[in-house]
Amino acid sequence: MHYFDHAATTPPYPEVIQTLTDIMSLYYGNPSALHRAGEDAAKLLKKAREVCAAALSALPSEIVFTSGATEGNNMAIKGAAMHYQSRGRHLITAVTEHPSVYQAFRQLEELGWEVTWMPVAGDGTVDPAALAEHVRKDTVLVSIMHVNNETGAVQPLEDIGRRIKEKNSRVLFHVDGVQGFGKLPVSLQNWQADLYTLSAHKFKGPKGAGIMYVKQGVQLYPLIAGGSQEGGYRGGTENVAAAAAVAKAMRLSAERQAEFYERARRLRDILVHHIADMPELMLNSSEHGAPHIIHFSYPGLKPEVLVHTLEEGGFLVSTKSACSSKSSEPSRTLIEMGRNADEAASGIRISLGWEHTEAEVRELGAALKSAVAQLAPMTGRKG
Ligand code: PLP
């Protein structure tokens, strides 16, 4: 089976699996306990925090371990909105954010916050100058993702960070970094990011684990009330094995990011070249986007039928993103990029990982062509 769904999740590094099993079997102490088993676990947690911080050129005290980016995004966005509401109740985000950001803002709107929803251009990017024009004295937070999970569109974060801070130096900048880390260069310092969230399973770490970066001096209203773990932001006994495994995956992915980028770009170019002559295929990911995500529409073809036909040939790809692939609604992201309902309902996402070879990508291209040729006559299309 050829797995081409790395934007949904990735196979863990063998070192990550080893770390998880070693720590779960040998260091099961509670890090808050005063005895030796507790101290050993606390040391591992401290080390994990240092490694994650180093991968982001951050301070260990700026790293909060979470259960992943859905939790991290909710904590960062709602936590900032609630903590700083005396400064104002205006927030800004984009219409194509992941549901864990989009729905968090929707909830805040229901609770009385004012949200400005930035539109995107045809390539899925936000206009930084237009965004900055909306920043006001009472704007507390701007949240823009690094890489779009459906199309791979890369947002101009450095430009956005600079412009919003010029307009109002107190405004906080949150970046959902899930699809970019380990794939593209990350610089929280150049982006002037105050909050940054990751899910480890997107870069070969464990599922149900991630981090939230909270810049020194920034405060959040803690959504999870309880003990003083994780700087008081997330009460509850820490998952030491997961934290150590996140750290392992972060270090390996950060070290190999430039190599991954070059590799994915080469494979993306081969695939795109291979399928470029398919009639009626509409590419939704731009060549300036993240190279590991290739997204296209084939209007008229039911994407789930194409996915199943490809699966019969041994290739696993996805329709839309993993969290929305079971809904029959057209993609919100594609509609916002100006695609019509038919185009937005016929999207296929192919996402690349470390494991792929040029030969495998060529085979996928050929399988795609033959699947479309087989299915298109049923819809009256050219194939
Ligand atoms: N943000 C983006 C851009 C994502 O792609 C995802 C997962 O698909 C998330 C947030 C949420 O991550 P998780 O499901 O691991 O909580």
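## Domain layout

The C-alpha centres of domain 1 and domain 2 are separated by 28 Å. This is a predicted model. The protein splits into these two parts: domain 1 covers 2–7 + 256–375, and domain 2 covers 14–252.

## Where the domains touch

Contact between the domains involves 24 residues of domain 1 and 23 residues of domain 2. Helix 9 supplies the largest share, with four residues.

Twelve of its residues are polar, eight are nonpolar and four are charged.

## The ligand shell

Which residues come nearest to the ligand? They are Gly68, Thr70, His98, Asn149 and Ser199, out of 16 residues around the ligand. Helix 3 (residues 69–83) gives the most to the shell, with three residues.

Domain 1 and domain 2 each provide at least three residues around the ligand.

How do the shell residues divide by class? Ten are polar, five are nonpolar and one is charged.

## In brief

Two domains, with centres 28 Å apart, both contribute to the ligand shell. Helix 3 is the main contributor to that shell. Helix 9 holds the largest share of the domain 1 side that touches domain 2.

Key. Residues numbered from 1 in each chain as written. Predicted model: local features only at pLDDT ≥ 70, side-chain atom pairs only at ≥ 80, totals over all residues. Near = placed C-beta within 6 Å. Helix = DSSP H or I, 4+ residues; strand = E, 2+ residues; numbered from the N terminus. Nonpolar A, V, L, I, M, F, W, Y, C, P; charged D, E, K, R; others polar. Domains from an automatic or database assignment. Contact = placed C-beta atoms within 7 Å.
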